[in-house]
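Please have the viewer open and follow along.

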Amino acid sequence: MSNKVETVIVLDFGSQYSQLIARRIRECNVYSKILPFNTPAAKIAAEQAQGLILSGGPASVYQDNAPKCDPAIFDLNLPILGICYGQQLMINILGGKVVRGQAREYGKAILNISNSQTLFSGIEGDIQVWMSHGDKVRELPEGFTVRATTDNTEFAGIANEARNMYGIQFHPEVVHTPRGKEIISNFCHKICGCVGNWTMASFIESAVNEIRKTVGDSQVVLGLSGGVDSSVAAALINKAIGNQLTCIFVNNGMLRKGEAERVQQLFSDNFKINFRYIDAEQRFLDKLAGHADPERKRKIIGHEFVEVFDEESKTITNAAFLAQGTTYPDVIESVPIDGNPASMIKSHHNVGGLPEKMKLKLLEPLSRLFKDEVREVGAQLGLPKDVVWRQPFPGPGLAVRHIGAVTKENLDTLRDADAIVVDEIRKAGLYYEIWQTFAVFLPIRTVGVMGDERTYDNAIALRAVESSDGMTADWVKLPYEVLGNISTRIINEVQGINRVVYDITSKPPGTIEWE
Ligand code: XMP
């Protein structure tokens, strides 16, 4: 990527919203990068950014272990916007006064803007904002003036225009501050002077150049799962280096019905990518035989995948790079602060082990992008909506949707039931509205009647959840009619199933997958 990309850095003080701030900045066509709060000023200067935003955070500036930034960042001559804790810290360091509030202010508030220049440009009078803070500013440092207030907060918006420093007590990045995006845009464009050159078209152009430069004459291998990230990475690398890329698709026997064919058709036939289809179904089934423990099943599948992939990639001469669809949230350094949910995100979901085993250099062209940007890149590269907006599918696939030890016969039953679920959800126009929709195979036999005959067959559980990141989820209130259609079709069309139940558990306390 060329150095000319305009950047606004987010210094992360452990706010659950730090990534949201970065995404809002990027929606203003300005690249943003999240750095830990204690990044030295010299390192920040070396980034040659246009501006700096200090995020909120769960701490109080008076706490013993409060996260503090390098005070020298205020002498870098960079435009700075402090949000919530970021504002309090800035004021604290610059000689103002922050005090503990009587009560925590949390929720919606009305902000009255008294000066609509720069940061609040184009916004006048009263607007709704979102507050979440305990401490408050009591006295401003020299050179700062008040720009906005709420009933509870005298210094809800402050500015020192001469030094290009601004602070707000509320959160402009969340949806509960409907005009927050304009405030962030004002900071990026009017205060930092960015013209807005971060677009996915410009990203693709520079990524293509960079991939060519990095790869040279070597060959690149990529494990294609058919999911959004690996598919977009494949399309992007293909654009850059064409047949120097080989995609390896492993059928582990735990795939959805028709999935292998769909992926092969798209990449091999449409995109004309070097595509190797490895049918390893029997190998995985043999390894999994008799194993009922969910974590054991995951480990076996992860391990076997590495083996199969490694064997195949060794047959590619001159392979020097392993490409992966790693995205920005995978690489952001989490800030080790108590109470920072981002620092606790579990990592078991990624198929690990490949890079260590393979001794290839990593090529991760999407590692600067958020998911919505990855989708946009995919769309611009001509991937169909079906791939770009595909629902997430776990690496171990149907193995974690088949309770207990898997068998080929039961997996086939599950595949048939699952295909009906997806088909009916699509027909109802709900597929793209829902985070995940799927069937789970329950090896529990219950009694039923079909025609004049008594049946004694297995059950299918239906799962449909709404979520924005998989960390929390709500069960979806599917229309009864859709539920009815799914149930009738599964019982009529899928051999060996005589009962369908609907899972109405949210996460927490449940998880999305059953295993
Ligand atoms: P849970 O079940 O933990 O799932 O609520 C959260 C999200 O992660 C996906 N998931 C996985 N993805 N390997 C994966 O690649 C796994 O082992 C795995 N387990 C769960 C799940 O589909 C949901 O989107």
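How many residues does helix H15 have, and how far does it reach from its first C-alpha to its last? Helix H15 (residues 480-493) has 14 residues and reaches 20 Å, close to the 20 Å expected at 1.5 Å a residue; the expected span is 1.5 Å times one less than the number of residues. Please keep in mind that this is a predicted model, in which local features need pLDDT of at least 70 and side-chain atom pairs count only at pLDDT 80 or more, while totals for chains, interfaces and linings use all residues. Residues are numbered from 1 along each chain as its sequence is written, and side-chain values use heavy atoms, with hydrogens and water left out.

- Helices (H or I, at least four residues) and strands (E, at least two) are DSSP runs, numbered from the N terminus.
- Val-482, Leu-483, Ile-486, Ile-490 and Ile-491 are the buried residues of H15, where buried means under 20% relative accessible area, exposed over 50% and partly exposed in between (1.4 Å probe, protein chains only).
- Seen down the axis of H15, these buried residues fall within an arc of 155°, so they line one face of the helix; the arc is that of the directions from the helix axis to the C-beta atoms.
- On the other side of H15, you will find Tyr-480, Glu-481 and Asn-492 exposed.
- The buried residues of H15 pack against helix H14 (408-427) and against strands E15 (436-450), E16 (453-466) and E18 (497-502); contact means heavy atoms within 4.5 Å.

**Two residues to look up**

- Ile-191 is found in helix H4 (residues 180-191) and is buried, with a relative accessible area of 8%.
- Leaving aside neighbours within four places in sequence, Ile-191 is in contact with Pro-79, Thr-118, Leu-119, Asn-164, Tyr-166 and Asn-186.
- The C-alpha atoms of Ile-191 and Gln-50 are 141 residues apart along the chain and separated by 9.2 Å.
- Thr-145 lies in strand E7 (residues 145-149) and is partly exposed, with a relative accessible area of 40%.
- Apart from neighbours within four places in sequence, Thr-145 is in contact with Leu-140, Gly-157, Ile-158 and Ala-159.
- The C-alpha atoms of Thr-145 and Lys-299, 154 residues apart along the chain, are separated by 58 Å.
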